[in-house]
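Trainee: I am new to this structure. Can we go through what the terms rest on?
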Amino acid sequence: MMHIVTAAEMYEIDRDTIEQIGISADSLMENAGQALFHVLRERIPHSALVAVLAGTGNNGGDGFVVARMLKSCGYNVDLWLIPPKEKIKGAAKTALTTYERSGYDIKEYIGNEQYFAEQVRHYDVIIDALLGIGIQGAVRSPYKEIIELVNRSNAIVYAVDIPSGTPADGGEVETAVRADVTITIQCPKLGAYTFPTADYYGELLLVDIGIPPIAVKRNAAPRFVWKEDDVIRTLPKRNRSSHKGTHGKLLVVGGSRSMTGAITLTAKAALRSGAGLLTMAVPDDIYSVVANRVPEAMYYPCPARDGAFSGAVDVSALDIDAIAIGPGLGRTDGVRNLVSAIVQQEVPIVIDADALFFWNEYAALIRERKAATVVTPHPGEMARMLDLSINEVESDRFGVSKRLATEYGIYVVLKGPYTIVTTPDGSQYVNTTGNPALAKGGSGDVLTGIVSAFLLQHHSAQEAISNAVWVHGKAADMLVERGHSQWDVLAGDLIEAIPAVLSYVQEKQ
């Protein structure tokens with residue numbers, strides 16, 4: 001799996017590699033530049049007029065190597081050195097010296113500002129090696145003006161490691177390069193998966209520069225990208241001898257008179273995702289409405305009041321292996337009592353939607369649970385659970401998810417672009433499938449169904465949840481690839497796309 005790192009962790013990884021493992025800083029920079037070059041060579045036409053904009057530090061040094069390699073292969077490249085030459089130190093100075101000894105000239109920005117402003121409009125490709133992960137605070141002159149010129153140009157922009165001006169760990173952005181492609185080095189940084197910084201990255205590519213995995217493992221928190229290869233590796237294969245009981249008995253609790261659709265979406269998604277047997281616990285006055293929508297399910301009509309559950313429900317007589325609760329429940333006193341009773345059942349539970357509304361009233365019970373507990377909040381629900389603003393959640397998605405998961409010993413699925421799955425021990429897994437088609441009512445109910453079904457079929461809860469999130473997003477991606485727009489996808493369409501996603505994975509296993 002691919003680690004996601006903070007700026008501080010990346011510095012420690014570099015230090016460890018140099019001081020403990022013994023790979024020199026000069027070698028790492030050369031490796032980085034060579035790796036970047038091999039990606040760029042495949043994408044930049046030989047006829048293009050290319051500018052490499054280099055600052056100080058490692059980012060600039062990588063740019064020197066890239067410029068040298070491109071020029072050696074016959075590309076028409078201008079290397080613009082932004083700071084005074086005497087400010088280039090360490091491995092970057094070695095890279096610049098090697099560039100010049102190879103017979104290539106530099107263009108110095110200082111003293112040629114007006115010429116640069118005129119020339120930048122004519123480049124076909126701009127390679128941003130201005131500022132790396134060490135930027136603190138607002139971008140200062142002359143970088144601010146240079147970045148603004150780059151963003152106004154018509155060039156294809158490639159950013160080295162991160163777009164210059166974006167905080168590596170995410171956060172607010174004042175002035176930053178809007179890259180078409182960002183080629184990140186060794187490990188992606190937090191800012192690639194949080195907003196607004198992620199908006200500046202464009203397409204994200206990764207290059208390996210030969211840092212041994214042990215240096216990453218001992219200096220970075222367990223924070224990973226969950227990729228297609230991980231899904232292919234961990235999605236269970238069914239035995240020929242299996243039967244409906246083999247793949248689990250799921251109870252889905254939800255629904256109310258004003259929200260009969262949510263519970264049916266969850267149930268259908270769970271069945272499409274392989275749940276062996278499914279029972280729907282619904283208020284008895286909507287039983288006739290939902291019963292003919294999911295004929296494959298069994299039903300457990302429960303006492304109702306004003307169209308919602310009237311109170312706690314005794315499920316002890318039901319033969320179940322897991323419970324999903326929340327979709328379409330409503331927020332009545334009866335629902336409050338119901339949720340508190342359900343979380344005391346000693347089976348894995350997925351808590352979503354309206355069941356999360358009462359979090360603070362049953363949270364103490366969650367700490368006592370032995371079976372897996374999964375909560376699936378969107379940022380608004382997470383904010384309510386933690387008594388934070390939505391902005392506070394969004395500005396620290398990794399941090400708030402980890403605090404909630406470790407404090408209560410639960411699995412947290414913080415939904416949104418780049419959904420984060422956090423385990424009780426604080427390990428985190430980021431999903432990269434999905435698109436804005438998922439921003440529609442009902443898509444979360446579908447995810448709850450997939451997560452619940454997968455919990456029944458995987459040995460690892462983390463693998464089950466991460467795979468479910470990936471499948472959910474991949475369903476949206478496939479729908480858009482195959483004729484839908486990002487506007488028209490319905491939650492029901494996601495359910496109908498699940499078979500194609502599962503077939504896609506099975507073909508690759």
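Trainee: What makes β18 and β19 a pair?
Mentor: This is a predicted model, so every value is computed from it. Two strands pair if there are at least two bridges between them. β18 and strand β19 (residues 420-422) have three bridges, in the antiparallel sense. Therefore they count as a pair.

Trainee: What lies between β18 and β19?
Mentor: Five residues, and the two strands form a hairpin. Gly416 in the turn has a positive phi of about 135°.

Trainee: How do you know that β17 and β18 pair too?
Mentor: The cut-off is at least two bridges. Two bridges join β17 to β18, so the pairing holds. These strands run parallel. Val374 stands opposite Tyr411 in β18.

Trainee: Which way do the residues of β18 point?
Mentor: Tyr411 and Val413 point one way, Val412 and Leu414 the other. All are buried. In a regular strand, side chains alternate between the two faces of the sheet.

Trainee: Why are β4 and β8 called edge strands?
Mentor: Take the open sheet of seven strands, ordered β4-β3-β2-β5-β6-β7-β8 with parallel pairing. β4 (107-108) and β8 (203-207) each have a single partner strand, so one side of each has no neighbour in the sheet. Inside the order, β6 (residues 156-160) and β7 (residues 181-185) pair over three bridges. There Val160 stands opposite Ile183 in β7.

Trainee: Why is Asn59 called buried?
Mentor: Buried means under 20% relative accessible area. Asn59 has 6%, so it counts as buried. Asn59 sits in helix α3 (residues 57-72). Its contacts include Asp128, Leu130, Val160 and Ser164.

Trainee: What makes the approach of Asn59 to Leu130 a polar contact?
Mentor: The limit is 3.5 Å. A polar atom of the Asn59 side chain lies 3.3 Å from the backbone nitrogen of Leu130. That is within the limit.

Trainee: How do you know that the buried residues of α13 line one face?
Mentor: Trp359, Tyr362, Ala363 and Ile366 are buried in helix α13 (residues 359-367). Seen down the axis, they fall within an arc of 140°, so they line one face. They pack against several elements, among them α11 (333-342) and α16 (397-408).

Trainee: Why are Cys187 and Cys302 called buried?
Mentor: Cys187 has 3% relative accessibility, and Cys302 has 1%. Both values are under 20%, so both cysteines count as buried.

Trainee: How many disulfides are there?
Mentor: Zero, in a search of the whole structure. A disulfide needs two cysteine sulfur atoms within 2.5 Å.

Notes: Residues numbered from 1 in each chain as written. Predicted model: local features only at pLDDT ≥ 70, side-chain atom pairs only at ≥ 80, totals over all residues. Heavy atoms only, no water. Buried < 20%, exposed > 50% of the residue type's maximum accessible area, 1.4 Å probe, protein only. Helix = DSSP H or I, 4+ residues; strand = E, 2+ residues; numbered from the N terminus. Arc of directions from axis to C-beta. Contact = heavy atoms within 4.5 Å. Polar contact = N/O pair within 3.5 Å; in protein donor to acceptor, adjacent residues only side chain to side chain. Lists of a residue's contacts leave out its neighbours within four places in sequence.
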